Amino acid sequence: MILAVCGKGGVGKTTISAVAAATLRGRDGVRGLMVDGDPAGGLGMALSLEAPKSLNDVRKEVIGEVKAGERSERDLAVSMDYLLAEALAENGNLAFLSIGRPEDVGCYCRVNSFLKAAIEGLAGGFDMTVIDAEAGIEQVNRKVMATVDYVLLVSDTSAKGVRVAETIKQVADTMVEGGDAGLVLNRVRDESEVESIRRSTSLEVIGWIPEDDTIRGFDENETSFFELPECPARVAIVEVLEDTGLL
Amino acid sequence: MERSGEGVRKPVIMGLFDEQVEEVGRFLACMRDRGDLRELEARGERWPSGSSLLLAEDTAMELGNPSVASLSFVVWGDPARVRDGVVSLVGPDIAEVRSDSVPFAQVLIVSGEFTDEYESYRDLREAIYDTLLDGFTVRTMPSRQSVWCRVSREAMDKGFSLGDLGAAMTRNLKAVEPVSGAEALFVTSSTVDVEKLAPAASGARRIVEALMKMYEEENFDCETCEYKDVCDEVMDLKKIREKLADEKARAGP
């Protein structure tokens, strides 16, 4: 299962991804790959995990290999596997990969497509891959992998957040196998907000997460979400992910 | 390589990697004198093939982790110098390692009649890449000539040995058409021992790079070529260059 968590900036994508990681960690027989699509490294901070190198570092190294004369496709493919393994931070049954800061190193479509294939190959070794996408699904498609199984759209209760989610869904329809996507509303203060949004959007609202000071406190103090106790938001996130068969 | 009067290719006289095979031979002799070289017995049954991604928590030990010395290369040599099927080890085998990470060198030497050096070399590398064993993950970085392996706790408990790895590698290499014999050497003893093989590894790499350049770029201007020094030293490379230049001239513009 490959899950991309998408939405407008600041709506809580990283919180949901981090809770998913905390829930997966320690689960018997389950291996999870967490991909941080935020150039600022939000998911890494939320989990107190630091990747030894980023996907962009890997990309630069592979471009270096090509420039140095490496031409064999198989050699490039095995090099990428090696470099991706070097880029992983591991914590128990979880592995963490950071996309990192994009740098303009020219257009290397061949490298990008090889890299995506390598990440897909890597993800194939895991039971669950969660991509905390920077914003839209385009980034995932361009830099991480060609298709995902499910797009988890996240929005707060603002109209703007929901509109951004709708736009992401339209783009996602072209790359998500089966077109599976659902909207989770975050920082909900009153259930009536959820009903109001349900009536105004074409998106399927699959759940909502209450405003929760515990989450706010963890964000403010940069405490690892692996330490997050049972709290209303955590319970709601796990419920949504489990009810939709994502976890 | 030459062409006979009928246009049929005659096998190349071996020698492309003679110097590297010699160097490995000297290393083996030195280790034998030191009392640190042994041959691993091939077990009765083959270790099962399989591809698995091992996380650190499933890993009993690592060989050639990027933070320690690691070397890997394949060369071919005179059949008289290749001990077919032999797997040698300098240092502890998997079950004897007392830490979770050791330096690692993997040297594979094959013999055979290589009529197309370029294709043969690629086939040998493919055979190595395709050696996938259950409970054993290997990652290869060709430009660094390094490999990074993980052995699962389960494989270790079941008695996985470098003898199993060597047997699988030599078997796969012998499946490459022109290969008649294959020998494997592993080093796990120390960084110093692994680095003793570095000159042979870098020599092999320069020869392969020169070979690849000749075949892929078809540029035979020696004065501007960064591998001129290698071709000047290795007679077989010079012969290959002359053969390719001749073929190109015959084919015309």
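Good morning. I begin with Ser48 of chain A, which lies in the loop between helices α2 (42-47) and α3 (55-67) of that chain. Please keep in mind throughout that this is a predicted model. Although Ser48(A) is not a glycine, its phi is positive, at about 55°.

Gln145(B) is found in the loop between strands β7 (136-141) and β8 (146-152) of chain B. Gln145(B) is not a glycine either, yet it has a positive phi of about 55°. Gln145(B) has 20 C-beta neighbours inside 10 Å and therefore counts as buried, the cut-off for that class being 20 or more.

Let me now return to chain A and its sheet. Which order do the strands take? The sheet is open, its eight strands follow the order β3-β4-β2-β5-β1-β6-β7-β8, and the pairing is mixed. At the edges stand β3 (89-91) and β8 (205-210) of chain A; each has a single partner strand, so one side of each lacks a neighbour in the sheet. On average, neighbouring strands are turned by 20° against each other, with direction ignored.

Strands β2 (residues 32-36) and β4 (residues 94-98) of chain A run parallel and are joined by five bridges. Within this pairing, Val35(A) has Leu97(A) in β4(A) as its bridge partner.

Finally, helix α7 (residues 159-172) of chain A packs on the sheet, where it touches β1 (2-7), β6 (150-155) and β7 (181-188) of chain A. The direction of α7 makes about 165° with that of β6(A). Thank you for your attention.

Conventions
Residues are numbered from 1 along each chain as its sequence is written. Chains are lettered from A and ligands numbered from 1 in the order in which they are written. This is a predicted model: local features need pLDDT of at least 70, side-chain atom pairs count only at pLDDT 80 or more; totals for chains, interfaces and linings use all residues. Two strands pair if DSSP finds at least two bridges between them. Helices (H or I, at least four residues) and strands (E, at least two) are DSSP runs, numbered from the N terminus. Axes are lines fitted to C-alpha atoms, for helices over the stretch in contact, and angles run from 0 to 180 degrees between N-to-C directions. Two residues are in contact if their C-beta atoms, placed from the backbone, lie within 7 Å. A residue is buried if 20 or more other C-beta atoms lie within 10 Å of its own, exposed if 12 or fewer, and partly exposed in between; C-beta atoms are placed from the backbone.
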